[in-house]
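Keep the sequence and the 3D view side by side as you read.

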Amino acid sequence: MYIQIYGVQKTKAYTVNTESKQVRNLKSRRSNSIVQTSYSLTLNERRLIELSMALIGETGEVPPTITVSAQQYAEAFNISRSNMYTELVNATNNLYERDIKLIRPEMKTTQRTRWVDQVTHREGEGLVDISFSQWIKPYLQDLRSQFTQLGLLEIGRMNSASTIRIYELLMQF
């Protein structure tokens with residue numbers, strides 16, 4: 001069965017397994033429509049969103065669940081092993097409540113939605129599962145034009161969410 005969501009077909013559910021990827025070299029991608037929206041995230045929340053987007057891949061479909069390990073989070077953002085799981089959990093604590101305001105001038109609409117519709121901590125395993133909301137997914141997949149790409153290596157060097165936001169706006173193309 002195919003489900004049509006904003007022109008994106010979804011054929012099956014799967015979880016991204018990215019333990020073998022070198023996360024520092026990954027790049028997060030999003031539609032320029034997301035870049036031009038209004039939202040507020042803490043540094044840890046922003047890092048988790050960026051890592052989750054990067055784990056999707058360049059042309060991939062956004063899976064129902066993206067699993068992020070504390071090890072990947074630490075590697076991507078140069079966080080000490082002693083703090084990696086704590087910082088990852090801190091990032092997820094309020095992420096579910098965070099919203100984003102999608103502005104569509106061509107339709108003369110403004111839509112308020114959540115970044116994620118589910119966050120799961122797997123205590124003892126050092127893992128969290130992220131599920132992007134159905135309203136955000138179309139802006140993260142099948143990107144061939146009008147998208148912004150950010151390197152996790154560069155983001156990892158930044159110490160504030162505001163700095164990442166300015167970098168994002170400057171990298172928009």
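## Two loop residues with positive phi

Lys108 sits in the loop between β7 (99-104) and β8; strands here are DSSP runs of E with at least two residues, helices are runs of H or I with at least four, and both are numbered from the N terminus. Lys108 isn't a glycine, yet its phi is positive, at about 55 degrees. Most residues other than glycine have a negative phi. With a relative accessible area of 78%, Lys108 is exposed (exposed means over 50%, buried under 20%, partly exposed in between, using a 1.4 Å probe and protein chains only).

Asn78 lies in the loop between α3 (70-77) and α4 (84-93). Its phi is positive too, near 55 degrees, and Asn78 is exposed at 63% relative accessible area.

## About the model

This is a predicted model, where local features need pLDDT of at least 70, side-chain atom pairs count only at pLDDT 80 or more, and totals for chains, interfaces and linings use all residues. Residues are numbered from 1 along each chain as its sequence is written, and side-chain values use heavy atoms, with hydrogens and water left out.

## Thr113 in its strand

Now look at strand β8 (residues 109-114), which holds Thr113. Thr113 counts as buried because its relative accessibility is 9%. Leaving aside residues up to four places away in sequence, Thr113 touches Arg98, Asp99, Ile100, Leu102, Ser133, Trp135 and Ile136 (contact means heavy atoms within 4.5 Å).

Ala161 belongs to helix α6 (residues 161-171) and is buried, at 17% relative accessibility.
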